[in-house]
Amino acid sequence: MGPKGSVDVLGEKIVNNAGRNNHSDPVSEFILLGFPCTWETQILLFAFFSVIYVLTLIGNLSIICAVWWDHHLHTPMYTLLANFSFLEMWYVTSTVPSMLASFLSETKTISFMGCFLQFYFFFSMGTTETFFLSAMAFDRYLAICRPLRYPTVMTVQRCIRMGACCWLCGFSCFLLPVYLISQLPFCGLNTIDHFLCDPGPLMKLSCVPAPATEITCAVFNSVLIFSTFVFITSSYTLVIRAVLRVPSAQGWRKAFSTCGSHLAVVSLFYGSIMVMYVSPTAGNPAGIQKIVTLFYSVMTPLFNPLIYSLRNKEMKEVLRRLFRIMISGQGQPLKH
């Protein structure tokens, strides 16, 4: 298949759909435009994102294995981190495999049900990530600002319950937006200028204007994003105030290093999702939407293992010993 053939097939399908009556048969599938370009460029993008995907899985899986095998890492902080890494693996899996398949596809179609399933799982895992970032900020607040109460307040059992609550709430929150958008009438054009089923482009395809649904989703996103963001920044503000009272310069460096890493992830993730989902959808051009979505959905899961864990001396040492055990073929638990 040549580069021109691929573009012509997709273009013909889009033109045929454009000729449909706006009130004809209901839409049964959508076309995800993704990144329209030559066949050679799509192959390069396929190779690039395949490498990114594999590295993301390896990085996050390494953290999970390290926490699982080393009993010294069976602490609330690392339990939350392992959950976070597990979440990141599924978060990137909800979009990248379908995006890779579209690079090699002529039609780039996705079924109506498949589109809304991707919508639900992608945004549910994104919501769960905001809750885990909040839980990790709360954990650091207790550890630094309430060190004497920390062992009794943040037990491993309570940490597990907190993690379960993050998963449950994250996958419950987006049921309403998904339901509202799925009930819109889709009977005309079915071409989404995106690489995933995003609520903004989906609502634009509705046969009738849906200002109430759009405002409801915007308010929902704003409350969710800003409430967790304020909680996280408040926690780290209290942590920084407590650190500034510590007379030891070494204590300052250690605390600021940990909080700096966490705040870097929070800034990257929240900065991009605020651009996308806090403002009404009409304000973001398609190209900007794709770039910003790529950043928080593909690149941040790659960076998070580096920012959160590989700068941690204890985690780096455990990973070194874990890789040595794997290379030597020994399956024993790690020991200090």
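Mentor: Let us begin with L44, which lies in helix α2 (residues 39–69). Please bear in mind that this is a predicted model.

Trainee: What makes L44 exposed?

Mentor: The relative accessible area of L44 is 62%. Exposed means over 50%, so L44 is exposed.

Trainee: Why is G271 called partly exposed?

Mentor: G271 has a relative accessible area of 34%. Buried means under 20% and exposed over 50%; the value for G271 lies in between, and therefore G271 is partly exposed. This residue is found in helix α11 (residues 249–277). The C-alpha atoms of G271 and Y296 are 9.0 Å apart, with a separation of 25 residues along the chain.

Trainee: How do you know whether K108 is buried or exposed?

Mentor: K108 has 7% relative accessibility. That is under 20%, so K108 counts as buried. K108 lies in the loop between α4 and β2 (109–111).

Trainee: Which residues make the contact of α5 with α10?

Mentor: Among them are T127, F131, M136 and Y141 of α5, and L224, F231, Y236 and V243 of α10. By class, the residues of this contact divide into 16 nonpolar, 5 polar and 1 charged.

Trainee: What makes α3 roughly parallel or antiparallel to α5?

Mentor: The axes of α3 and α5 cross at roughly 165 degrees and come within 10 Å. Angles over 145 count as roughly antiparallel, and therefore α3 is roughly antiparallel to α5. The crossing of α3 and α5 is left-handed. The residues in contact include L80, F84, L87 and W90 of α3 and F122, E129, F132 and R140 of α5. This contact has 14 nonpolar, 3 polar and 4 charged residues.

Trainee: How do α5 and α7 cross?

Mentor: The axes of α5 and helix α7 (residues 156–173) come within 7 Å and cross at roughly 145 degrees. α5 passes α7 in a right-handed crossing. The contact is made by residues including Y120, F121, F131 and F138 of α5 and M162, C166, W167 and F171 of α7. By class, the contact of α5 with α7 has 13 nonpolar, 5 polar and no charged residues.

Trainee: How many helices and strands does the chain have, and what share of its residues is buried?

Mentor: The chain has 13 helices and 3 strands. Of its 336 residues, 47% are buried. Among contacts in the chain with a separation of 6 or more, 79% join residues 24 or more positions apart.

Trainee: Where is confidence lowest, and where is it highest?

Mentor: Confidence is lowest in helix α1 (residues 3–18), with a mean of 49, and highest in α5, at 93. The pLDDT is below 50 over residues 12–16, a stretch that has 7 contacts in the model beyond near neighbours in sequence. The pLDDT is also below 50 over residues 18–22, where the corresponding number of contacts is 12. The chain averages a pLDDT of 82, and 83% of the residues score at least 70.

Methods. Residues numbered from 1 in each chain as written. Predicted model: local features only at pLDDT ≥ 70, side-chain atom pairs only at ≥ 80, totals over all residues. Heavy atoms only, no water. Contact = heavy atoms within 4.5 Å. Helix = DSSP H or I, 4+ residues; strand = E, 2+ residues; numbered from the N terminus. Nonpolar A, V, L, I, M, F, W, Y, C, P; charged D, E, K, R; others polar. pLDDT = per-residue confidence, 0-100. Axes fitted to C-alpha atoms, helices over the stretch in contact; angles between N-to-C directions. Parallel < 35°, antiparallel > 145°, perpendicular 65-115°, else oblique. Left-handed = near helix turned anticlockwise from the far one by under 90°. Buried < 20%, exposed > 50% of the residue type's maximum accessible area, 1.4 Å probe, protein only.
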